[in-house]
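Have the structure open and follow along.

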Amino acid sequence: MSTKLTEAQLAYKYREKEEGNRATRRQENYIGYLMNMLGWLMEDREKYWREKGLSPLTLSRKQASEVIDDLKRKLYQGR
């Protein structure tokens, strides 16, 4: 019996891995909450994502965590 994976199986494994690494809904909601607390409009949010070179639609869990830490710093520096 062959242990080689077909292209479809490899694609599924890759997709499964990528989706498992995606930012959680909780992280996405918290990022939105922090941006609201900062009083950011859509233009401010778009500028932030451009400056970071990230897309909120494709964030990994690690990237989301880093964004959360950055937004919290910005929020608490403003006080």
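Let's start with a charged pair: Glu28 forms a salt bridge with Arg25, and their closest N and O atoms are 3.2 Å apart. A salt bridge here takes a side-chain nitrogen of Lys or Arg within 4 Å of a carboxyl oxygen of Asp or Glu. Both residues sit in helix α2, 3 residues apart, which is about one turn of the helix.

Before going on, a word on what you're looking at. This is a predicted model, where local features need pLDDT of at least 70, side-chain atom pairs count only at pLDDT 80 or more, and totals for chains, interfaces and linings use all residues. Residues are numbered from 1 along each chain as its sequence is written, and side-chain values use heavy atoms, with hydrogens and water left out.

**Salt bridges**

Shared partners join Arg22, Arg25 and Glu28 into one network. How exposed are these residues? Arg25 is exposed, at 60% relative accessible area, while Glu28 is partly exposed at 23% and Arg22 is partly exposed at 33%. The cut-offs are under 20% for buried, over 50% for exposed and partly exposed in between (1.4 Å probe, protein chains only).

The structure holds 5 salt bridges. Among them is the one between Arg73 and Asp70 (3.8 Å, N to O). These two are 3 residues apart in helix α4 (residues 61-77), so about one helical turn separates them. Arg73 is partly exposed, with 47% relative accessible area, but Asp70 counts as buried at 11%.

And which charged residue is buried yet has no salt bridge? That's Arg45, in helix α3 (residues 42-52). Its nearest side chain of opposite charge, Asp44, is 7.0 Å away (Lys and Arg count as positive, Asp and Glu as negative; His and the chain ends are not counted). Leaving out residues up to four places away in sequence, Arg45 touches Gly32, Met35, Asn36 and Trp40, a contact being heavy atoms within 4.5 Å.

**Rings**

Rings of Phe, Tyr and Trp (its six-membered ring) pair if their centres lie within 6.5 Å; planes under 30 degrees apart count as stacked, over 60 as edge-to-face and the rest as tilted. The count by this rule is 3 aromatic pairs, including these:

| Pair | Centre to centre | Between planes | Type |
|---|---|---|---|
| Trp40 and Tyr48 | 5.4 Å | 50 degrees | tilted |
| Tyr48 and Trp49 | 5.5 Å | 75 degrees | edge-to-face |

Ring pairs link Trp40, Tyr48 and Trp49 into a cluster. Trp40 and Tyr48 are both buried, and Trp49 is buried too.

**Surface and overall layout**

Met37 belongs to helix α2 (residues 25-37) and counts as partly exposed at 41% relative accessibility.

Zooming out, the chain has 4 helices and 0 strands, taken as DSSP runs numbered from the N terminus (H or I, at least four residues; E, at least two). Buried residues make up 22% of its 79 residues. Of the contacts with a separation of 6 or more, 68% involve residues 24 or more positions apart. The chain exposes about 6500 Å², with carbon and sulfur atoms supplying 50% of it; areas come from the Shrake-Rupley method with a 1.4 Å probe, and for residues only the protein chains shown count as cover.
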